Amino acid sequence: MQSQMIDRDTGVQVVLASLREVLEQSGEDVPADLTEDTVLVGNGAVIDSLGVVSLIVEIEQRLEMDYEISVTLANDRAMSQRNSPFRTVGVLADYILTMIKEG
Amino acid sequence: MTDRQVMLITGTRKGIGRYLAEYYAKKGYIVEGCSRGTPDFESENYTHHNLDVADEGAVKAMISNIARRHGRLDIVLNNAAIATMNHVLLTPAATANRMLEVNVTGTMLVCRDAAKVMMRRRYGRIVNFTTIVAPIALAGEAIYAASKSAVVTLTRILAFELGQWGITCNSFGATPIMTDMIRGVPQNKIDEVVNGLAIKRLGNYEDCANVCDFFIRPESDNITGQVLYLGGIT
């Protein structure tokens with residue numbers, strides 16, 4: 001069990017901040033209306049598959065440096081789930097909270 | 001965040017790793033090192049972590065600790081390895097698995113977690129240590145050489161996977177150096193290897209530092225995916 005925990009709103013903010021960072025770094029225009037429903041994987045996604053890799057690492061590093069939470073978001077289970085835990089900002093935030101709880 | 005470059009060297013208890021840790025600490029780098037035992041040297045620029053590089057949780061915890069303390073990680077020298085020299089007909093599966101676990105998986109784990117820290121600053125230098133016994137196909141070292149061939153392939157692919165974040169990945173194969181790792185190898189076997197080299201002498205620690213100096217220079221940002229062998233071996 002992690003010693004630190006974040007609430008869901010913080011989780012969403014971490015994902016959104018990380019997403020903005022990844023989009024800026026890749027030279028993409030950052031959409032003004034990034035929300036919980038913003039799609040990250042599949043049709044309508046705002047980032048490509050490599051962007052997802054960058055996003056996962058950026059989130060892990062933000063949790064590490066800003067909240068002292070050490071979590072690995074990519075694992076075989078996540079990659080093989082029929083409904084990807086990375087498909088939207090909100091779904092990813094929920095998944096992050098689950099992974100932190102599972103420690 | 002510190003203004004100085006932060007370097008991680010694996011396998012620093014003795015031999016090449018220990019030499020490089022002291023060498024780069026003296027040069028003013030912040031050096032973090034690891035091995036399964038505590039080294040017998042100290043430096044104000046050196047911090048040691050006791051761990052097995054094949055232990056995924058321990059590697060992750062060490063790199064988290066480095067990132068939290070320094071805010072950056074610029075350079076990794078993956079030197080940690082084990083070698084059991086034996087004829088393949090006399091090599092148990094457990095020995096082979098352990099060698100692959102430390103030499104291949106251990107190297108991969110350190111590269112993976114270090115790269116995650118390097119990515120944020122869009123800068124990194126990774127040097128993975130291999131050996132000339134792979135290209136010269138030295139009898140008696142089948143599994144060790146195979147594990148180091150895997151390190152070369154891993155490094156070449158990492159160069160492509162991590163290049164976009166300013167991280168270079170290269171591998172370096174030294175000629176035999178008189179460390180504990182080869183102390184059990186018969187002298188005639190060592191002579192045979194040395195006689196097959198273009199430069200007929202044993203390697204030394206300074207050779208290793210020279211190659212690492214080259215790979216880790218900021219100016220070497222377009223040098224990646226390469227394997228550099230000493231002594232004329234290709």
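In which loop of chain A is the place of Thr38(A)? Thr38(A) lies in the loop between helix 1 (8–25) and helix 2 of chain A.

## Basis of the report

This is a predicted model, in which local features need pLDDT of at least 70, side-chain atom pairs count only at pLDDT 80 or more, and totals for chains, interfaces and linings use all residues. Residues are numbered from 1 along each chain as its sequence is written, chains are lettered from A and ligands numbered from 1 in the order in which they are written, and side-chain values use heavy atoms, with hydrogens and water left out.

## Chain A

Chain A contains 4 helices and 0 strands, in the order α-α-α-α along the sequence. Helices (H or I, at least four residues) and strands (E, at least two) are DSSP runs, numbered from the N terminus. The radius of gyration of chain A is 13 Å, which agrees with the value near 13 Å of a compact globule with 103 residues; it is taken over C-alpha atoms, and the globule rule is 2.2 Å times the number of residues to the power 0.38. The C-alpha trace spans about 35 × 30 × 20 Å along its principal axes.

Of the 103 residues of chain A, 45% count as buried, a term for under 20% relative accessible area, with exposed meaning over 50% and partly exposed in between (1.4 Å probe, protein chains only). The 7 positive and 18 negative charges of chain A have mean positions 9 Å apart. Here Lys and Arg count as positive and Asp and Glu as negative, while His and the chain ends are not counted; the place of a charge is NZ of Lys, CZ of Arg, CG of Asp or CD of Glu.

Thr38(A) counts as buried because its relative accessible area is 8%. Leaving aside neighbours within four places in sequence, Thr38(A) is in contact with Leu19(A), Asp33(A), Val46(A), Arg87(A), Thr88(A) and Val89(A), where contact means heavy atoms within 4.5 Å. Thr38(A) and Thr72(A) are separated by 34 residues in sequence and by 22 Å in space, C-alpha to C-alpha.

Glu68(A) is found in the loop between helix 2 (49–67) and helix 3 (76–80) of chain A. Its phi is near 55°, a positive value in a residue other than glycine. Glu68(A) has 47% relative accessibility and therefore counts as partly exposed.

## Chain B

Chain B has 6 helices and 7 strands, which follow the pattern β-α-β-β-α-β-α-β-α-β-α-α-β. For its 234 residues, a compact globule would have a radius of gyration near 17 Å, and the value of 17 Å for chain B agrees. Buried residues make up 53% of the 234 residues in chain B. The mean positions of its 25 positive and 22 negative charges are 3 Å apart.

Arg122(B) is found in the loop between helix 3 (93–121) and strand 5 (124–131) of chain B. Although Arg122(B) is not a glycine, it has a positive phi of about 55°. With a relative accessible area of 32%, Arg122(B) is partly exposed.

## Where the chains meet

In the interface, 12 residues of chain B are in contact with 16 residues of chain A. The area buried between the two chains is about 1,300 Å², of which carbon and sulfur atoms give 49%. In chain B, Arg68(B), Lys116(B) and Arg120(B) lose the most area to chain A, together 48% of what that side buries. Buried area is the accessible area (1.4 Å probe) that two parts lose on being put together, summed over both.
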